[in-house]
Number of protein chains: 2
Amino acid sequence: MSKEFLFKHIQKFIPFISQSEVEQIYTYFTELNLKKKEIVQHEEELCRSMLFVCKGCLHSYYIKDNGSLQTLDFAIESWWICDYMAFENSSLSDLTIQAVETSIVLSLSRESLDALLQHHPVMEQYFRRIFQRSYAAAQKRVQFLYQYSREELYFHFASHYPEFVQRVPQYLLASYLGFTPEYLSEIKKNSLR
Amino acid sequence: MSKEFLFKHIQKFIPFISQSEVEQIYTYFTELNLKKKEIVQHEEELCRSMLFVCKGCLHSYYIKDNGSLQTLDFAIESWWICDYMAFENSSLSDLTIQAVETSIVLSLSRESLDALLQHHPVMEQYFRRIFQRSYAAAQKRVQFLYQYSREELYFHFASHYPEFVQRVPQYLLASYLGFTPEYLSEIKKNSLR
DNA sequence: TTGTTTTATTAAACCTGTTTAAGTTTTTTG
DNA sequence: CAAAAAACTTAAACAGGTTTAATAAAACAA
């Protein structure tokens, strides 16, 4: 159940929060049940909400000039996903957000976030930690993109997140790592010898 | 003066903060005066502090396998710079942080940050906003890295931050954008015709 | 369970950006 | 101000990864 999942998650960041306060906090969220391939956020539409994944897997992507799909982020259980620049500016999203698997997510609108922070200031600390951690990860991601060849990126990722490599289609993984599915086939072929 | 600069900056994020509270907050920081090319944070040394630039320009970089320098981030007035992953884990920094120009920065150690947040919880909001904004920018950066060719990246950057292109050496800019100084020369040559 | 759609593989031709190495210009320093 | 160091330019050979197009395998729906 998504309320219980959110409670356990928030508790990891704010250990002394009570069940009853999270009950209150939960009312600011809206639960969404998504079918596989269902789209939550369309490109060029207003970005209203941040999405928290309770179950399943989502990804954000845009369509490149040549018509192919570029995945920018994945989110699995207990991760947030959003076009944060568009969210902050309440502007049109550059990205589409789609369920990779059948998923359950909690949606938090801009207005709800503002109200939530006003009425539960302890959540400032929660989000400070979430964004700090996310920014640190994004920084490392840029570092890896510069530091490693495409082949190294794949092996690095595959050894750190083996379950994840099983979980998503390879063409999405290739896209996320910044190369073509054809090249991923080649990498795998070469690695067998 | 760095105290006044910090006050004005924090006020942009927390409008109702008083001068006297910022006086208190300021005591958690240490002012550093850096000569051009001086190194604040060495690679493979413990990352103890986040750095806030009051005046000047810093960059973070690492040395690639082929011996050349890879700049990951720049910070000018009112920006923070740090290897956040190393800072959070109090582990060894992957990055060197160096002054590009003679600079004045405020250093905030991990212990000081913790104490600051404990005694001035209003700063949770400040840092939540800072990290949210930084993460949004980092996300867009990854998007641009995927979306644009090297040449497009340069023109995009040059048109958005013309003063900055003047301010830093071109080989650092090329490195930041993910290509070689030789290729930047070529881009500029081709654009003249 | 069969037909249809989606995902993965293979290989050759190609292209964007790198490497190397030399020369030129600009900036810094004594 | 002169000398040295740092930054920038040029061009040719090269490499990492893409594109295209065709085939094969797997997943899905009727």
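Modeller: Start with E21(B): its relative accessibility is 25%, so it counts as partly exposed. The model is predicted, so read every value below as computed from that prediction. E21(B) sits in helix α2 of chain B. Leaving out residues up to four places away in sequence, E21(B) touches H120(B) and V122(B). F7(B) is 14 residues away along the chain, and its C-alpha atom is 9.4 Å from that of E21(B).

Now the helix itself. Helix α2 of chain B spans residues 19–26, and its buried residues are V22(B), I25(B) and Y26(B). Viewed down the axis of α2(B), these buried residues fall within an arc of 100 degrees, so they line one face of the helix. An α-helix has 3.6 residues a turn, so residues three or four places apart point the same way. What does the buried set of α2(B) pack against? Its partners in chain B are α1 (2–13), β1 (30–34), β8 (103–109), α4 (110–119) and α5 (122–147).

Two of those partners also meet each other. The axes of α4(B) and α5(B) come within 6 Å, crossing at roughly 125 degrees. That angle makes α4(B) oblique to α5(B). From α4(B), the contact uses L113(B), L116(B) and L117(B); from α5(B), it uses M123(B), E124(B) and F127(B). By class, this contact of α4(B) with α5(B) has five nonpolar residues, no polar ones and one charged.

Turn to chain A. There, helix α4 covers residues 110–119, and its axis comes within 6 Å of the α5(A) axis, with a crossing of roughly 125 degrees. So α4(A) is oblique to α5(A). The residues in contact are L113(A), L116(A) and L117(A) of α4(A), with M123(A), E124(A) and F127(A) of α5(A). The contact of α4(A) with α5(A) divides into five nonpolar, no polar and one charged.

M123(A) lies in helix α5 of chain A. Is it buried or exposed, given a relative accessible area of 0%? M123(A) is buried, because the cut-off for burial is under 20%. Beyond neighbours within four places in sequence, M123(A) contacts I10(A), I25(A), L116(A) and L117(A). Q147(A) lies 24 residues from M123(A) in sequence, and their C-alpha atoms are 36 Å apart.

E124(A) is also placed in helix α5 of chain A, residues 122–147. Its relative accessibility is 6%, so E124(A) counts as buried. Which residues does E124(A) touch, not counting those up to four places away in sequence? They are L117(A) in its own chain and E124(B), Q125(B) and R128(B) in chain B.

Next, the nonpolar core. The largest one has 66 residues. Which members touch the most others? W80(A), Y126(A), F127(A), W80(B), Y126(B) and F127(B) do. Take Y126(A) from that list. Setting aside neighbours within four places in sequence, Y126(A) contacts H9(A), I10(A), F13(A), I14(A), F52(A) and W80(A). Another core lies apart from the largest one. This other core has 17 residues, among them Y176(B), L177(B), F179(B) and L184(B).

At 1% relative accessibility, L184(B) is classed as buried. Outside the four places on either side in sequence, L184(B) is in contact with Y154(B), Q170(B), A174(B) and F179(B). R150(B) is 34 residues away along the chain, but its C-alpha atom lies 8.8 Å from that of L184(B).

Last, two loop residues in chain B. K37(B) has phi near 75 degrees, which is positive although the residue is not glycine. K37(B) belongs to the loop between β1 and β2 (39–41). With a relative accessible area of 55%, K37(B) is exposed. S78(B) has phi near 80 degrees, again positive in a residue other than glycine. S78(B) lies in the loop between β5 (69–75) and β6 (80–81). S78(B) counts as buried, at 19% relative accessibility.

Note on methods. Residues are numbered from 1 along each chain as its sequence is written. Chains are lettered from A and ligands numbered from 1 in the order in which they are written. This is a predicted model: local features need pLDDT of at least 70, side-chain atom pairs count only at pLDDT 80 or more; totals for chains, interfaces and linings use all residues. Side-chain values use heavy atoms; hydrogens and water are left out. Buried means under 20% relative accessible area, exposed over 50%, partly exposed in between (1.4 Å probe, protein chains only). Helices (H or I, at least four residues) and strands (E, at least two) are DSSP runs, numbered from the N terminus. The arc is that of the directions from the helix axis to the C-beta atoms. Contact means heavy atoms within 4.5 Å. Axes are lines fitted to C-alpha atoms, for helices over the stretch in contact, and angles run from 0 to 180 degrees between N-to-C directions. Angles under 35 degrees count as roughly parallel, over 145 as roughly antiparallel, 65 to 115 as roughly perpendicular and the rest as oblique. Ala, Val, Leu, Ile, Met, Phe, Trp, Tyr, Cys and Pro count as nonpolar, Asp, Glu, Lys and Arg as charged, and the others, Gly among them, as polar. A nonpolar core is a set of buried Ala, Val, Leu, Ile, Met, Phe, Trp, Tyr and Cys residues joined through side-chain atoms within 4.5 Å.
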